[in-house]
Amino acid sequence: MRQSGDTEGLSPGHRVMDRFLGNWTATVTLVGESDPGAESLTVRGYETGRLGPGGRWMFQDLFYKLLTNAYESHAVIGFDPATNRYTAVWVDSTEDRISLGEGIWDPQAQSLTFERKSRGPNGEEVVEEVVDRFTSPQR
């Protein structure tokens, strides 16, 4: 499915991103950070993934509706062979700030987990866990 640029010199970490390419139905579970005992909320939406420059970067778009509000986010994700970690930058329809993250691929759990950092409305750092988990061999 890889279609953007030359694959020569790409590491296995870069090739993990191939799993994210295409159009997908997304199940998003939101867990409240201010009240850890609160019940989570699950919504369905869709996600697209496509390769960027030289096949070393991936563009990921996520869309869903939460109650009456539409949510949209866009990420640029890459793999850093020097640290063996994924790096990402996100923007979305609910924030006025860019979020940055670093993540790891867990082949046993078939998941890519990021620690995403941004600034809240009061200027304090906000740290979130973002997990992309594959629930079938096709995704």
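How many helices and strands are there in the protein? One helix and eight strands, where helices (H or I, at least four residues) and strands (E, at least two) are DSSP runs, numbered from the N terminus. A few notes follow.

1. Ground rules. This is a predicted model, in which local features need pLDDT of at least 70 and side-chain atom pairs count only at pLDDT 80 or more, while totals for chains, interfaces and linings use all residues. Numbering runs from 1 along each chain as its sequence is written, and side-chain values use heavy atoms, with hydrogens and water left out.

2. Overall layout. Going along the sequence, you get α-β-β-β-β-β-β-β-β. The protein has 139 residues, and 35% of them count as buried; buried means under 20% relative accessible area, exposed over 50%, and partly exposed in between (1.4 Å probe, protein chains only). Taking contact as heavy atoms within 4.5 Å, 31% of the contacts with a separation of 6 or more are between residues 24 or more positions apart.

3. A nonpolar core here is a set of buried Ala, Val, Leu, Ile, Met, Phe, Trp, Tyr and Cys residues joined through side-chain atoms within 4.5 Å. The largest one has 16 residues, and those touching the most other members are Phe20, Met58, Ile77, Tyr86, Trp105, Leu112 and Phe114. Strands S4 (69-80), S5 (85-92) and S7 (111-119) each give two or more residues to this core. A second, separate core has six residues, including Ala26, Val43, Tyr64 and Tyr71.

4. Ile77 up close. Setting aside neighbours within four places in sequence, Ile77 is in contact with Met17, Arg56, Trp57, Met58, Gln60, Tyr86, Thr87, Ala88 and Phe114.

5. Gln60 is found in S3 and counts as buried because its relative accessibility is 8%. Its side chain makes a polar contact of 3.2 Å with that of Glu47 (a pair of N or O atoms within 3.5 Å; within protein, one must be able to donate a hydrogen and the other to accept it, and residues adjacent in sequence count only if both atoms are side-chain atoms). Beyond four places in sequence, Gln60 also touches residues including Phe20, Ser73, His74 and Asp132.

6. Ser99. This one sits in strand S6 (residues 99-106). Ser99 counts as buried, at 4% relative accessibility. Apart from neighbours within four places in sequence, its contacts are Ala88, Val89, Trp90, Arg116, Lys117 and Ser118.

7. The largest pocket has a volume of about 1500 Å³. On a 1 Å grid over the protein atoms alone, a pocket is an open set of points where a 1.4 Å probe fits, with protein on both sides within 12 Å along at least five of seven lines; lining residues have an atom within 4 Å of a point. Grid points are joined across faces, edges and corners, and the volume is the space filled by probe spheres set on the points. Of the 47 lining residues, Val28, Thr29, Leu30, Tyr64 and Arg116 are the closest to the centre. S8 gives the largest share of the lining, eight residues.

8. Most residues other than glycine have a negative phi. Leu67, not a glycine, has a positive phi of about 60 degrees; Leu67 lies in the loop between S3 and S4 and is exposed, with a relative accessible area of 75%. Gln110 also has a positive phi, near 55 degrees. Gln110 is in the loop between S6 and S7 and is partly exposed at 24%.
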